[in-house]
Amino acid sequence: MYKLSKSRILIILAICVLGIFFAIPNVVSNKAALPSWWQPVNLGLDLQGGSNLLLEVKIDEVIKERMSSIEDSVRQLLRENKIRYQNLSLGADSVRVKIENANARSKAAGLFRRIDNGIEVLDEPDDTLVVKYSDVELNKIRLRVVDQSIEIVRRRIDELGTKEPVIQSQGSDRIVVQLPGLQNPEYVKTLLGKTAKMSFHMVDSRSSAADARRGKLASNSRLVQGSMGETYVINRKPVVGGENLVDAQPSFQDGNPVVSFRFNSVGGKKFGEATKNNVGERLAIVLDDEVISAPTIQTAILGGNGVITGSFTVKEANDLALLLRSGALPAPLEVLEERTVGAGLGADSIRDGVIASIIGLIAVVLFMVAAYGLFGVFTVVAVFTNLFLMLGALSFMGATLTLPGIAGIILTIGMAVDANVLIFERMREEVKAGRSTRDAAEAGFTEAWTTIVDSNLTTLVAALVLFYFGTGPVRGFAVTLAVGIATSVFTSVTVTRLMITAWLNRYKPTKLPI
């Protein structure tokens, strides 16, 4: 207690200086001029305003698309195995086919069950087989689609530079998106409204759009609209899908904006083989069921790299690259509700929070000085240091401060002196027991340490539980509470101890000023 090593003193002072350094941006007026690594605490939607979107995941579209794929597989299996069938039809969640021969029907049922996981085949009395997903598998698909949609929405929003968006599920098929500081969500709605599902298909040169409109269309082909109003007949089965895409970046070719892309090894191999075997044919690049480009293959494209050309502006090329890079949404999203939250309520909340913090701080200062004299002044210095450390830590972490977060800071101000109260009361007891000034001070810190750890550890566990199980504002409260506990223990024990040690060594008192 009498002496602290120079290295220990330097570490304590360095931590305090770093905390103050990272807290400075919060009081700087021109925050836009600060570098990206030196930024203030982000304010949540309830403090700075912003946009709130409620999205619905159109899971039925995914089921319908999967059943369409199963219909193609059913038709192919029946033809490959030369099974006679009638009335093959596609429903919203099932595929029906009539097979009159009982043995052929039993064989077909066994083949259909191997098409995909969770497939069940029902044999109805009128010789009709119904192919559909089981209820358990449907629930799994729904959960998987919503989780994937949330992750891809997060990637798209984060690439926009929006600070700390709140993206979470609501119910079984809805997603809540909160964007602090964004008052005009139209651009975000445009990005989120695009599925960005890309695939590459060979153009069917044997069929024309006119023939397709007259019903003369092969079963393995389909008619698709182009981005410029034209129509294309393309093969149903893609050469390579967007799931094999690993990167997409905007670039320029002959002075025109284009999007360069790169496949993984599997996609690169498929793409290389397709272009090698179809030189002179046209390859359609389909985005969200629309052909955006259909160039003629001049030569084999090996290496897994390619370029999407079209009448893009620079902004359109950037947006398309962002969408492809973040991944395709597994299902379309529909905006059910849109709210823009003004910053007026946030300004009132900040003002009320600051007033509450100041009142609480003054009350703590008055009590500590009145109860413990000079040591109470040391505690006040430690409390202010704790506030700077907490603010600096939140800024360094890039945390978002919400109204519950302000409540956590106010709570921490009151809790910051708990450890000092325990230490000082222990000193009083040691002095009454007849110990010297220095021994009593030493005992105050060493004997109270176990109690300090126990009391703060239980609160820290509660904060961690709130963070793990909570969402949104509850997590914000948990973060500020946990950070406040860590900084208050540091300042109460080390900073206060440093000041008391310096005072004891300088003045060598015979009586503690408490």
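**Surface patch, paired strands and aromatic rings**

Tyr 468 and Phe 469 are both exposed, a class that requires over 50% relative accessible area, whereas buried means under 20% and partly exposed lies in between (1.4 Å probe, protein chains only). The model is predicted, so that local features need pLDDT of at least 70 and side-chain atom pairs count only at pLDDT 80 or more, while totals for chains, interfaces and linings use all residues. Residues are numbered from 1 along each chain as its sequence is written, and side-chain values use heavy atoms, without hydrogens and water.

Tyr 468 and Phe 469 belong to a nonpolar surface patch of about 730 Å², to which Trp 449, Val 453, Leu 457, Val 461 and Val 465 also contribute. Such a patch is made of residues with over 30% relative accessible area and no salt bridge, nonpolar side chains (Val, Leu, Ile, Met, Phe, Trp, Tyr) being joined within 5 Å; a salt bridge is a side-chain nitrogen of Lys or Arg within 4 Å of a carboxyl oxygen of Asp or Glu. Accessible areas come from the Shrake-Rupley method with a 1.4 Å probe. Val 453 lies in helix 13, residues 437–469, and is classed as partly exposed because its relative accessibility is 32%.

The aromatic pairs come next. The structure holds 16 of them, a pair being rings of Phe, Tyr and Trp (its six-membered ring) with centres within 6.5 Å; planes under 30 degrees apart count as stacked, over 60 as edge-to-face and the rest as tilted. One of these pairs joins Phe 263 and Phe 271, with 5.2 Å from centre to centre and 50° between the planes, and is tilted. Phe 263 counts as buried because its relative accessibility is 5%, and Phe 271 is buried at 3%. The rings of Tyr 468 and Phe 469 have centres 4.9 Å apart and planes at 85°, so this pair is edge-to-face. Phe 21, Phe 22, Trp 37, Trp 38 and Phe 396 form one aromatic cluster.

Strand 8 (residues 174–180) is mostly covered, with five of its seven residues buried. Helices (H or I, at least four residues) and strands (E, at least two) are DSSP runs numbered from the N terminus, and two strands pair if DSSP finds at least two bridges between them. Strand 2 (residues 50–57) runs antiparallel to strand 8 and is joined to it by seven bridges; here Leu 53 has Val 177 as its bridge partner. Strand 7 (residues 166–170) is also antiparallel to strand 8, through five bridges, and Ser 169 is partnered with Ile 175. Strands 7 and 8 form a hairpin with three residues between them, and Gly 171 in the turn has a positive phi of about 70°.

Methods:
Patches are made of residues with over 30% relative accessible area and no salt bridge: like charges are joined within 9 Å, nonpolar side chains (Val, Leu, Ile, Met, Phe, Trp, Tyr) within 5 Å.
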